[in-house]
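Let's take a friendly walk through a protein model, one stop at a time. Keep the picture open while you read.

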Amino acid sequence: MSAGEATNKTEAALYADVAALAAIDRLPCSPGEREAAEWIAARFRETGARVVIDEELIHGTYFTPLGVLNGVAAAAGVGVLVGRRRVGGVVAAVCAAGVWQDLTGGPRRALRRLLKRQNTTNVVASIGPEDAEHTLIVHAHHDAARTSFIFDDSAAKFVIDHLPFLMNGRDRWPPLMGMVWGGPAAIAVSALTGGKKTAALGTAFAAGTAAVMADMIRQPVVPGANDNLSGVAVLLEVARRLRDGGGPPDGVRVILLSAGAEEANQEGMLAFARRHFPDLSPERTSFLCLDTVGSPELVLIEGEGFLKMFEYPSHQKERVAAAAHDAGVRLRRGMRFTFATDGLVPLRQGYETASIGSMTEHLVPSNYHWPSDTAENVDYKSVSNAVSIVMATIARSANGEMP
């Protein structure tokens, strides 16, 4: 088989995986998410991997907790405006702290324990000896998000096409989720300073955020082909290649994790952490997150975060960059992501972690959280290149390159 025929065969297999899963409505904690998990588990088992489906009890949305916290903060803002500064300020500060915790990948999310809880599904496929010197966990997520007008990328396209100087020298878009936290925070500050204008502005922002989050409840679920079935397809192709190649190199165990509920602010990955991190030594374990790798240009994410930028460790970034060089794949450097992926969870808990995404010429992922995120609109050359990077990273993991 020629190189071109092999490439075409790989891309056809990737498309088949994405198309099969994109046909399923995969809202976090839904029957469709469970159906997708079982389909993925079956494909992993065909490769001879040791596979389990972990059921995890979580809340399962991001718009409900963020909407509730901002709605309560807006009420507190009204209290501040009518003279109840002490009570209003304390309530707003608690809400701001809750939003901060929810948006920064931390495990302490008290409000979610009070909301309705449901089961999500994580698919864990293990290949290689359990006592291997090095465990590499490559992970993606199989759930899909609801759309909203806030995900329209027309503004980003306008800036790049007509006002490119605004992004010259910049490595990220502004952190738009700062407005979700900013309303409650402004109200809390105004209670201390007595600033009526700050209180009014914070109240308006908090009320507006609550309204947007409430509107999201009734929006349809997107196909999620790029975000993030492109990553899941990479996991499945890597499993097939490891089977055909006789498994990982000596001394390496590969865990391929397809998580649920990433679109609920990483709740599926946080549940994986609670269950499995106690058995995964940070000195012998590294992570590679794949999220939305089906846009035209692959990107090695330097750091990410909704509100605070968390930098990925240089050692793991350099290892993955070197693996891309080994594979002959161009991997863009220097970009940071003002949203968040599942990679934030192991990163914040002390593991060597890297994350690969992708973007268009407008510096955004293709069709992000939009109804056009279909299997037909994925760039399968990028997805295939991501497979090559993962395989080269696995090879490098056998060369004694742990930190």
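Ser126 has a relative accessible area of 8%, and because buried means under 20%, Ser126 counts as buried. Keep in mind as you look around that this is a predicted model. Ser126 belongs to strand 2, which covers residues 118-127. Which residues does Ser126 touch, once its neighbours within four places in sequence are left aside? Its contacts are Ala49, Arg50, Arg253, Val254 and Ile255.

Next, find Tyr62, in the loop between strand 1 (50-58) and helix 3 (63-81). Is Tyr62 buried or exposed? Its relative accessibility is 9%, so Tyr62 counts as buried. Leaving aside neighbours within four places in sequence, Tyr62 is in contact with Arg112, Phe151, Met213, Met216, Glu263, Ala264 and Asn265. Sequence and space can be read side by side here: Tyr62 and Ala41 are 21 residues apart along the sequence, and their C-alpha atoms are 26 Å apart.

Asn265 sits in the loop between strand 4 (252-259) and helix 10 (267-276). Its phi is positive, about 60°, although Asn265 is not a glycine. With a relative accessible area of 5%, Asn265 is buried. Leu363 also has a positive phi, near 65°, and is a residue other than glycine. You will find Leu363 in the loop between strand 9 and helix 13 (380-397). Leu363 has 18% relative accessibility, so it counts as buried.

Now for the helices. Two packed helices are described by the angle between their axes and the distance between the axes. Look at helix 7 (residues 178-193) and helix 8 (residues 196-216): they pack at an angle of about 150°, and their axes are 8 Å apart. Their crossing is left-handed. Which residues make this contact? Helix 7 contributes Met179, Val180, Gly183, Pro184, Ala186, Ile187 and Ser190, while helix 8 brings in Thr198, Ala199, Gly202, Thr203, Phe205, Ala206, Thr209 and Met213. Sorted by class, the contact has nine nonpolar residues, six polar ones and no charged ones.

Let's move on to Gly89, which lies in helix 4 (residues 85-103). Gly89 has 10% relative accessibility and so counts as buried. Not counting residues up to four places away in sequence, Gly89 touches Val80, Ala188 and Ala191. Gly89 and Ala185 are 96 residues apart in sequence, and from C-alpha to C-alpha they are 9.2 Å apart in space.

Pro223 is the next stop, in the loop between helix 8 and helix 9. With residues up to four places away in sequence not counted, Pro223 touches Ala22, Arg26, Ala144, Leu229, Trp370, Pro371, Asp373 and Thr374. Helix 9 covers residues 225-244 and includes Asn228. The peptide bond that leads from Asp227 to Asn228 is cis, with omega near 5°.

Our last topic is the aromatic rings. How many aromatic pairs does a search of the whole structure find? The search finds 11. A pair of aromatic rings is described by the distance of the centres and the angle of the planes. Take Phe272 and Phe277: their ring centres are 6.1 Å apart and their planes are at 85°, so the pair is edge-to-face. Phe272 is buried, with a relative accessible area of 1%, and Phe277 is buried at 7%. Phe287 and Tyr351 also form an edge-to-face pair, with 5.1 Å from centre to centre and 70° between the planes. This pair links distant parts of the chain, 64 residues apart: Phe287 is in strand 5 (residues 285-290), and Tyr351 is in the loop between helix 12 (344-348) and strand 9 (352-359). Both Phe287 and Tyr351 are buried.

Rings can also gather in a group: Phe151, Phe306, Phe337, Phe339 and Tyr368 form one aromatic cluster. Finally, look for a charge over a ring: the charged end of Arg43 sits over the ring of Trp39, 4.7 Å from its centre.

Note on methods
Residues numbered from 1 in each chain as written. Predicted model: local features only at pLDDT ≥ 70, side-chain atom pairs only at ≥ 80, totals over all residues. Heavy atoms only, no water. Axes fitted to C-alpha atoms, helices over the stretch in contact; angles between N-to-C directions. Helix = DSSP H or I, 4+ residues; strand = E, 2+ residues; numbered from the N terminus. Left-handed = near helix turned anticlockwise from the far one by under 90°. Contact = heavy atoms within 4.5 Å. Nonpolar A, V, L, I, M, F, W, Y, C, P; charged D, E, K, R; others polar. Phe/Tyr/Trp six-rings, centres within 6.5 Å; stacked < 30°, edge-to-face > 60°. Buried < 20%, exposed > 50% of the residue type's maximum accessible area, 1.4 Å probe, protein only. Lys NZ or Arg CZ within 6 Å of the ring centre and 35° of its normal.
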